[in-house]
Amino acid sequence: MRRPTVPLAAGLLVTAVGCGLTSGSPMVDDVRPGSIGRGEPLEGADLTVTSKSFTEQLILGAIMGIAFEAAGAEVLDRTGIQGSIGSREAVRKGDADAGYEYTGTAWITYLGHSEPITDPHEQWEAVRKEDAKNGLTWLPPSALDNTYALAMNQASHKKYRTNDLSEVAALSKSDPSAVTLCVEVEFANRADGLPGMQKAYGMNVPTKNITQMDTGIIYTQTAKGNCTYGEVYTTDGRIKSMNLVVMDDDKHFFPNYNAAPVINTKTLKEWPAIPDVLDPITKKLNNTVAQDLNAKVDVDGEDPHQVALDWMKAEGFVK
């Protein structure tokens, strides 16, 4: 996924990059410039777009590729690389030209910092500055912030009336049996997951009240009320489809994971129009948009590329 704390072994990394880059096919969407790509400033460019393998990344990769197509480029689709590091390495090494990445992932996982920066713009600025030496250019970020959160169903929300994590912490003290958690194994053991959250908010949830399970099951168990709070990702489409209420991280404990285009710097020097093509799209991306698009895939079973194309046309970016 997007936030592993343990680096992949060198052999696994080669495999991840290799698997992603030994396959791929040309994007052949019949698109023309709409509000972006006018004058086809990327005509003559051969660009390779990459992404990680989870739903949101597949959609973002398709959005980027479609934008490049509309601007006149020939685009090779090499999205869907397993793991967090593979797609980044492809762009860094020049095996791919661009992809959407998350600021928190870069700061903590790739650049090795243990403490996130609270302000999202400052986080992006720090990543942009430090990653420049790696031959990567970060374009301006979106408001899309795919970070951790706790959520509850409507019945639990009506009963306990908590709206932020400070109120969850207060409930854990006033009524310890009320706070039961469904979380992933990784989240239960990460410093930027459950242990850190409990420390930051002064929670002390008993181990017997914490159940570890796979991501998909967390959503269904939370929706059913089998746990009061479930660990979720803030852009997941199941939040909206299951009508869950997300608790505000009022102390800003969780890192910012804002999505932003990352471009191989050599590619950007050759094709300086890329920011003009991508910036208007990135500005439209936020958690509500991401939840809607992700739900079309994860809930409705639609194809990620088609979801991206439909959205690009609906927004008028392409025709």
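**A bridge between two strands**

Which residue in β8 is the bridge partner of Leu 181? The partner is Ile 210. Leu 181 belongs to strand β7 (residues 181–183), which pairs with β8 in the parallel sense over three bridges. Strands here are DSSP runs of E with at least two residues, helices are runs of H or I with at least four, and both are numbered from the N terminus. Two strands count as paired if DSSP finds at least two bridges between them.

A word on what you are looking at: this is a predicted model, where local features need pLDDT of at least 70, side-chain atom pairs count only at pLDDT 80 or more, and totals for chains, interfaces and linings use all residues. Residues are numbered from 1 along each chain as its sequence is written, and side-chain values use heavy atoms, leaving out hydrogens and water.

**The open sheet and its helix**

The β7–β8 pair sits in an open sheet of five strands, in the order β8-β7-β9-β6-β10, with mixed pairing. At the edges are β8 (210–212) and β10 (245–246), each pairing on one side only.

Helix α10 (residues 215–224) lies across β6 (148–152), β7 and β9 (229–233). Its direction is about 135 degrees to β9, with axes fitted to C-alpha atoms (for helices over the stretch in contact) and angles running from 0 to 180 degrees between N-to-C directions.

The largest nonpolar core has 64 residues, and among the members that touch the most others are Phe 68, Ile 274 and Trp 311. Helix α2 (residues 55–70) gives the most to this core, with nine residues. A second, separate core of 31 residues includes Val 179 and Tyr 233. A core here is a set of buried Ala, Val, Leu, Ile, Met, Phe, Trp, Tyr and Cys residues joined through side-chain atoms within 4.5 Å. Buried means under 20% relative accessible area, exposed over 50%, and partly exposed in between (1.4 Å probe, protein chains only).

Setting aside neighbours within four places in sequence, Phe 68 is in contact (heavy atoms within 4.5 Å) with residues including Leu 42, Ala 98 and Ile 274.

Ala 98 brings us to strand β4 (residues 98–102), where five of five residues are buried. Ala 98, Tyr 100 and Tyr 102 lie on one side, with Gly 99 and Glu 101 on the other. Strand β4 runs antiparallel to β11 (residues 259–264), joined by five bridges; in β11, Ile 263 is the bridge partner of Ala 98.

Helix α3 (residues 85–93) is also mostly covered, with seven of its nine residues buried, including Arg 88 and Glu 89. After α3 comes Gly 94, with a positive phi near 90 degrees.
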